[in-house]
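Subject: Structure handover

Hello,

Here is the structure I said I would pass on. Please look it over before reading the notes below it.

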Amino acid sequence: MIKKSKIGILMPGDMGHGIAKVLIESGFEVFTFLKGRSERTKLLAKEAKIKNIENFTSFLKEVEIILSIIPPEKAYEQAEIVANYNSDLCKKITYVDCNAISPSTEDTSLPISQGVLSSKEYERF
């Protein structure tokens, strides 16, 4: 049996909870970090059966892949937060920005991910 990666969703709003539902139906474990999120997002996550982890460092320790599904204007900030927390853990996490962003925006996030997040690597789930 092939081991399935543990997937983190940041953030499980309109799009994120739908993606999580499909992943869960396909046998993946899906986690999120809901601190500071709206009641609506918390409800969507609960309905999708996403496992909430109360501490961000614990969230990063649990997952192997992060799908960042947030408004594009917050994508760089989110990647930076994950990189800063993960630099202390020294853990390989594949970070996938699921937004439609321009190539120049993607290039600005590359220094954040090099050596900390393996955003340029593709792993088999």
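The notes below go from the overall fold to the helices, the cores and a few single residues.

This is a predicted model, in which local features need pLDDT of at least 70, side-chain atom pairs count only at pLDDT 80 or more, and totals for chains, interfaces and linings use all residues. Residues are numbered from 1 along each chain as its sequence is written, and side-chain values use heavy atoms, with hydrogens and water left out.

Overall fold

The protein has five helices and five strands. Both are DSSP runs numbered from the N terminus: helices are H or I with at least four residues, and strands are E with at least two. Along the sequence the pattern reads β-α-β-α-β-α-β-α-β-α.

The strands form an open sheet of five, in the order S3-S2-S1-S4-S5, with parallel pairing. Strand S3 (51-52) and strand S5 (94-97) are at the edges with a single partner strand each, so one side of each has no neighbour in the sheet. Two strands count as paired if DSSP finds at least two bridges between them. S1 and S2 run parallel and are joined by two bridges, and Ile7 stands opposite Val30 in S2.

Of the 125 residues of the protein, 39% count as buried. Buried means under 20% relative accessible area, exposed means over 50%, and partly exposed is in between (1.4 Å probe, protein chains only). The accessible surface comes to about 7,400 Å², and 54% of it belongs to carbon and sulfur atoms. Accessible areas come from the Shrake-Rupley method with a 1.4 Å probe; for residues, only the protein chains shown count as cover.

A contact means heavy atoms within 4.5 Å. Among contacts between residues at least 6 apart in sequence, 69% join residues at least 24 apart.

Two helices

Helix H1 (residues 14-25) has twelve residues and reaches 17 Å from its first C-alpha to its last, close to the 16 Å expected at 1.5 Å a residue. The expected span is 1.5 Å times one less than the number of residues. The buried residues of H1 are Gly16, His17, Ala20 and Leu23. Seen down the helix axis, these fall within an arc of 120°, so they line one face of H1. The arc is that of the directions from the helix axis to the C-beta atoms. This buried set packs against strand S1 (7-10), strand S2 (30-32), H2 and strand S4 (65-68). On the face of H1 turned away from the buried side are the exposed residues Asp14, Met15 and Glu25. Gly27, which follows H1, has a positive phi near 95°.

H4 has 15 residues and reaches 21 Å from its first C-alpha to its last, close to the 21 Å expected at 1.5 Å a residue. Its buried residues include Ala75, Gln78, Ala79, Val82, Ala83 and Asn86. They cover an arc of only 130° around the axis, which puts them on the same side of H4. The exposed residues Asn84 and Asp88 are on the face turned away from that side. Cys90 follows H4, and its phi is positive, near 55°.

Nonpolar cores

A nonpolar core is a set of buried Ala, Val, Leu, Ile, Met, Phe, Trp, Tyr and Cys residues joined through side-chain atoms within 4.5 Å. The largest one here has 15 residues, and those with the most contacts inside it are Leu10, Phe56, Phe59, Leu60, Ile66 and Val82. Helix H3 (56-62) and helix H4 (75-89) each supply at least two residues of this core, and the largest share, three residues, comes from H3. Apart from this core lies another, of 13 residues, among them Ile7, Phe28, Leu34 and Ala45.

Not counting residues up to four places away in sequence, Ile66 touches residues including Gly8, Leu10, Phe59, Val82 and Tyr95.

Single residues

Thr41 is in helix H2 (residues 39-48) and is buried, with a relative accessible area of 7%. Leaving aside neighbours within four places in sequence, Thr41 is in contact with Pro12, Gly13 and Leu34.

A cis peptide bond joins Leu10 and Met11, with omega about 5°. Met11 is in the loop between S1 and H1.

Lys49, in the loop between H2 and S3, has a positive phi of about 65° although it is not a glycine. Lys49 is exposed, with a relative accessible area of 63%.

Regards
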